[in-house]
Amino acid sequence: MPAENSNNCKNAPATRWIYDPKVRGIIFQSIAVACVAWMLFYFISNALHNMESRGIATGFSFLNNRASFGIAQSLISYSENDTYGRAFIIGLLNTLLVSGIGIIFATVFGFLIGIARLSNNWLLSRAAAVYIETFRNIPLLLQIFFWYFCVLRALPGPRDSINLLDAFFLNVRGLYVPAPVTESGFAAVTVAFILAIVACVFLKKWAKNRQNLTGQPFPVFFSSLGLLFGLPLVVFLIAGMPMHWELPALKGFNFRGGLTVIPELFSMVVALTIFTAASIAEIVRSGIMAVSKGQVEAADALGLKNGLTLRFIIIPQAMRVIIPPLTSQYLNLVKNSSLATAVGYPDLVSVFMGSTLNQTGQAVEIIAMTMAVYLTISLITSVLMNIYNAKKALVER
């Protein structure tokens, strides 16, 4: 018996790792990763073999070929003689444009509706509740169709455009607004604006340190606005106002000059904003309700006004609850922007997975690139929001 016990003691260290949860976790995860890698390798190899047997070329060399199709909206210069690679960039920029504008408007509108939902004003609170329950429960695609077909397509033609100050024109083909045209010397204004941003960052840090040392607040918001608008304006005047406005004008059957907001972009921004803002409003409402009532009572005891209480006490604490689900709404908005192809807005899906795929037949490469783009945008958004969330999180002492 003593000999058997000694042998068991000698073998115990050799088999102890089997019962270690960390070691078993690593083993199971390694097996799972290996299985996924094998499946990806099998599917990719099978796809390449089938494409080769059917004489379908593979690779990304098609990006250098001539696109030979037009795009209704482009943030950079584009013509039918440009390549598929440039068409891909045009679609990507259009996707980022509609997503960025939608995120900004949906955030502002959602916060206002969420705060209004908790208002003591009965009419304002009920109106916010009706808005939330209505637009949150109507499919986004139907809302896009409503704004595009029922609202924008009912506008008059170019010759009967809605005219505002002979500078803004609205018709069935879009909204035409004056376009700023820069001249030589405007680079100094751009540099002044960048310096104003840097100065605002240092001003905020200085004001925070000053308040920690003396307890006296500093009007950072209005001072920053003065820097952002005042400094570039002074440089703009000193440089001799190196900019003029190009007004849109009706020439033939359409307007020429100025900036054009196509109806497809307008309908997408409005639908994405209204739909996402309804969900953000509920997130804001839940975040505000998560703040202890004692915080509000303490602010009332100090004699703070409701606006100051909301700005300096409730919202900063509510943001710790709001940010995580708000990140999900941003990701959903970016992915929902792919519905733009339903109304013909030239986003990445419409331009690249639509026109380019139909002409080249490079399905695997095009779909893979499109998926990679949306994955990258989502990951970048998540990282930025997580960084912001870490700064707002409650730090324990």
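In which helix does asparagine 212 lie? Asparagine 212 lies in helix H6, residues 186-214.

## Basis of the model

This is a predicted model, in which local features need pLDDT of at least 70 and side-chain atom pairs count only at pLDDT 80 or more, while totals for chains, interfaces and linings use all residues. Residues are numbered from 1 along each chain as its sequence is written, and side-chain values use heavy atoms, with hydrogens and water left out.

## Helix H6

Helices are DSSP runs (H or I, at least four residues), numbered from the N terminus. The expected span of a helix is 1.5 Å times one less than its number of residues. After H6 comes glycine 215, with a positive phi near 80°.

Burial is stated by relative accessible area: buried is under 20%, exposed over 50%, and partly exposed in between (1.4 Å probe, protein chains only). The buried residues of H6 include Val189, Ala192, Ala196, Cys200, Leu203 and Ala207. They pack against helix H7 (220-238), where contact means heavy atoms within 4.5 Å. Asparagine 212, by comparison with these cut-offs, counts as exposed because its relative accessibility is 59%.

## Helix H4

Helix H4 covers residues 122-135; its 14 residues reach 20 Å from first C-alpha to last, close to the 20 Å expected. Ser125, Ala128, Ala129, Tyr131 and Ile132 are buried in H4. Viewed down the helix axis, the buried residues fall within an arc of 160°, so they line one face of H4. The arc is taken over the directions from the helix axis to the C-beta atoms.

These buried residues pack against helix H3 (84-117) and helix H8 (263-289). Trp122, Leu123 and Val130 are exposed on the other side of H4. At the start of the helix, a side-chain oxygen of asparagine 121 comes to within 3.1 Å of the backbone nitrogen of leucine 123.

Asparagine 94 is in helix H3 and counts as buried at 0% relative accessibility. Neighbours within four places in sequence aside, asparagine 94 is in contact with Ile71, Gln73, Ser74, Leu75, Tyr345, Pro346 and Asp347.

Serine 378 sits in helix H12, residues 363-392, and is buried at 14% relative accessibility. A polar atom of the serine 378 side chain lies 2.9 Å from the backbone oxygen of tyrosine 374.

## Aromatic pairs and cysteines

Rings of Phe, Tyr and Trp (its six-membered ring) pair if their centres lie within 6.5 Å; planes under 30 degrees apart count as stacked, over 60 as edge-to-face and the rest as tilted. The structure holds nine aromatic pairs. One of them joins phenylalanine 221 and phenylalanine 222, an edge-to-face pair at 5.3 Å centre to centre with 80° between the planes. Phenylalanine 221 is partly exposed at 49% relative accessible area, and phenylalanine 222 is exposed at 62%. Phe109, Tyr131 and Phe135 form one aromatic cluster.

A disulfide is a pair of cysteine sulfur atoms within 2.5 Å. By this rule there are zero disulfides. Cysteine 150 is exposed at 52% relative accessibility, whereas cysteine 200 is buried with a relative accessible area of 12%.

Conventions: Helix = DSSP H or I, 4+ residues; strand = E, 2+ residues; numbered from the N terminus. Polar contact = N/O pair within 3.5 Å; in protein donor to acceptor, adjacent residues only side chain to side chain.
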